[in-house]
Amino acid sequence: MEGYYGLLKLTTGDELIAKVVNDDGGNYLIEDPVQMFRNVAPNGMTWIQCSHWLLFNKTSLVNIKKEHVLAIVEDLNANVILNYKTFLEAGYMEHNMKEKMEQEKSRENEARRNISSHMIANNSVH
């Protein structure tokens, strides 16, 4: 039962959807955990909102002790999995765009410093 998409209900009350990549008996190793929130509008309309569970980690893998998991569901609806994957793809695209913009800004700043240092060197008075 390894390598499946699962919904995990934690003892903290958090509900996560993630890819469960390993179950070693005492821990679940999950990939790309996403926290889900249920919202209800004043008119009674319900929708699910998602956000990354861990915002500042470099790796997408997380080890969770089984003692912190109240329930795990393995038979997710295909639409849920599709929406989860779409959410992840959009997040990774945004992250990659930010990284690319930061790299371009860094190169631009370096070019400006190089130009400035050359201009200072070429404008000396004798």
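What pattern does the chain follow when read along the sequence? I traced it as β-β-β-β-β-β-α, which amounts to one helix and six strands, where helices (H or I, at least four residues) and strands (E, at least two) are DSSP runs numbered from the N terminus.

**Entry 1: the model and its confidence**

I note at the outset that this is a predicted model, in which local features need pLDDT of at least 70 and side-chain atom pairs count only at pLDDT 80 or more, while totals for chains, interfaces and linings use all residues. I number residues from 1 along each chain as its sequence is written, and side-chain values use heavy atoms, with hydrogens and water left out.

I looked up pLDDT, the predictor's confidence in each residue, from 0 to 100, and found a chain mean of 82, with 80% of the residues at 70 or more. Confidence is lowest in α1, at a mean of 72, and highest in strand β6 (residues 69-73), at 96.

**Entry 2: the chain as a whole**

I put the accessible surface of the chain at about 9600 Å², of which 55% belongs to carbon and sulfur atoms; the areas come from the Shrake-Rupley method with a 1.4 Å probe, and for residues only the protein chains shown count as cover. Buried residues make up 19% of the 126 residues in the chain, where buried means under 20% relative accessible area, exposed over 50% and partly exposed in between (1.4 Å probe, protein chains only). For contacts, meaning heavy atoms within 4.5 Å, I find that residues 24 or more positions apart account for 50% of those with a separation of 6 or more.

Which residue other than glycine has a positive phi near 55°? I found D32 with this value, and D32 lies in strand β3; D32 counts as buried because its relative accessibility is 15%.

T11 sits in the loop between β1 and β2 (15-23), and I record T11 as partly exposed because its relative accessibility is 42%. Leaving aside neighbours within four places in sequence, T11 is in contact with E67, H68, V69 and L70. The C-alpha atoms of T11 and E67 are separated by 8.3 Å, although the two residues are 56 apart along the chain.

**Entry 3: the nonpolar core**

Of its 17 residues, L8, Y28, I30 and I64 touch the most other members. The elements that give two or more residues to this core are β1, β2, β3, β5 (61-65) and α1, and β2 gives the most, with four residues. In soluble globular proteins, nonpolar side chains tend to be buried together.

Not counting residues up to four places away in sequence, I listed the residues that I30 touches, among them L8, L16, V20, L61 and I64. V20 belongs to strand β2 and counts as buried because its relative accessibility is 1%. The C-alpha atoms of V20 and Y5, 15 residues apart along the chain, are separated by 5.9 Å.

**Entry 4: the aromatic pair**

How many aromatic pairs does the structure hold? I found one, formed by Y5 and Y84, which is edge-to-face at 5.8 Å centre to centre and 70° between the planes. The rule I applied is that rings of Phe, Tyr and Trp (its six-membered ring) pair if their centres lie within 6.5 Å, with planes under 30 degrees apart counted as stacked, over 60 as edge-to-face and the rest as tilted. The pair links distant parts of the chain, with Y5 in strand β1 (residues 4-10) and Y84 in helix α1 (residues 78-122), 79 residues apart. Y5 counts as partly exposed because its relative accessibility is 22%, whereas Y84, at 4%, counts as buried.

Definitions and conventions. Core = buried A, V, L, I, M, F, W, Y, C linked by side-chain atoms within 4.5 Å.
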